[in-house]
Amino acid sequence: MPVGTTIAITGATGHLASSIIPLLIRQGYKIRALQYEQALSFDEHKMEMISGSILDPLALTSLVEGCEMVIHAAAKISINSNKDTTLYAVNVNGTKNLLAAAQRANVKRFIYISSIHAYSQFPVYEMLDETQAYCDHRSPRYDQSKRDAQQYVLQHLSGPMEVVVLNPTSVIGPYDNKPSLLGKAVMDMYTGKIPALINGGFDFCDVRDVAQGIVNALDRGRHGHAYLLAGKWYSVVDLYQMVMDIKGAPASIPVLPPWAGYMGLPFIKMMASLQKTAPLYTKESLDALKNGNRYINSRKAAQE
């Protein structure tokens with residue numbers, strides 16, 4: 001892609017964009033970023049800012065006008081998504097709005113950042129790749145929103161614009177300024193705010209590797225295809241051990257079976273209500289911890 005190409009990016013204040021944007025700047029791209037509420041964590045003078053919501057068609061028209069590429073990294077993430085009345089609209093309707101605006105503006109390539117949760121995780125001990133079935137109607141609302149948005153962009157391929165979908169796993173690493181849900185969990189481990197661990201884990205992928213994969217997809221990857229961006233499955237006990245090694249403290253903490261976590265949900269909910277804080281965990285986060293696939297395959301992305 002020629003130096004000076006203009007790229008529009010949503011989710012500019014998020015964890016992922018904090019690694020994507022510096023890569024784009026270093027490679028000589030011009031950036032136009034959609035800013036919703038939170039301030040950016042880097043030099044705003046190196047890009048053009050558009051204020052507005054992913055649900056505002058006028059803001060999206062301003063965002064993509066004259067851009068050759070779009071990276072759609074904005075999404076609402078929740079560990080209690082079945083009770084979040086705005087999440088599905090943001091993740092699905094926002095994607096539809098942006099795709100339509102990009103098509104009208106004759107954008108050349110549209111990169112949609114989906115999620116591994118768009119796919120069924122079962123069987124958890126068998127390999128998961130791009131041929132896996134999508135998650136079903138019993139899945140959390142977040143998973144369904146990423147599934148439906150992904151299916152929409154892949155089913156509405158029209159005109160010369162190319163579409164590539166990327167499905168990261170659990171993104172972790174710097175520079176997580178907000179912080180993200182996972183970043184907050186790591187901080188809580190470090191500061192001793194987590195009294196016990198629930199046995200389970202996730203496929204973790206370094207945010208810098210995911211960002212590089214997204215930037216590579218600007219001129220690589222096949223039109224109309226999805227690509228899994230995975231790392232390696234680690235238990236939360238493994239993660240806790242790493243955090244304690246960095247802290248230089250002994251890794252001594254109770255590890256409970258998932259059923260104990262489910263039994264504790266009423267107490268966790270009550271404490272969160274009394275303290276007026278977000279719950280330490282929810283049924284949705286426990287399900288993800290227990291049922292995350294152990295063998296997610298990124299061979300297609302690595303090759304292409």
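**View 1. Strand 6 (residues 162–168) sits largely enclosed by the rest of the structure, because 6 of its 7 residues are buried.** Buried here means under 20% relative accessible area, with exposed over 50% and partly exposed in between (1.4 Å probe, protein chains only). Helices (H or I, at least four residues) and strands (E, at least two) are DSSP runs, numbered from the N terminus. This is a predicted model: local features need pLDDT of at least 70, side-chain atom pairs count only at pLDDT 80 or more, and totals for chains, interfaces and linings use all residues. Residues are numbered from 1 along each chain as its sequence is written, and side-chain values use heavy atoms, leaving out hydrogens and water.

**View 2. Strand 6 has strand 5 (residues 109–113) as a parallel partner, joined by 5 bridges.** Strands count as paired if DSSP finds at least two bridges between them. Look for Ile113, whose bridge partner in strand 6 is Leu166.

**View 3. Strand 6 also pairs with strand 10 (residues 225–229), in the parallel sense and over 5 bridges.** Here Val165 stands opposite Ala226 of strand 10.

View 4. Tyr88 is partly exposed, because its relative accessible area is 22%.

**View 5. Tyr88 and Tyr152 lie 64 residues apart in sequence, with 13 Å in space from C-alpha to C-alpha.**
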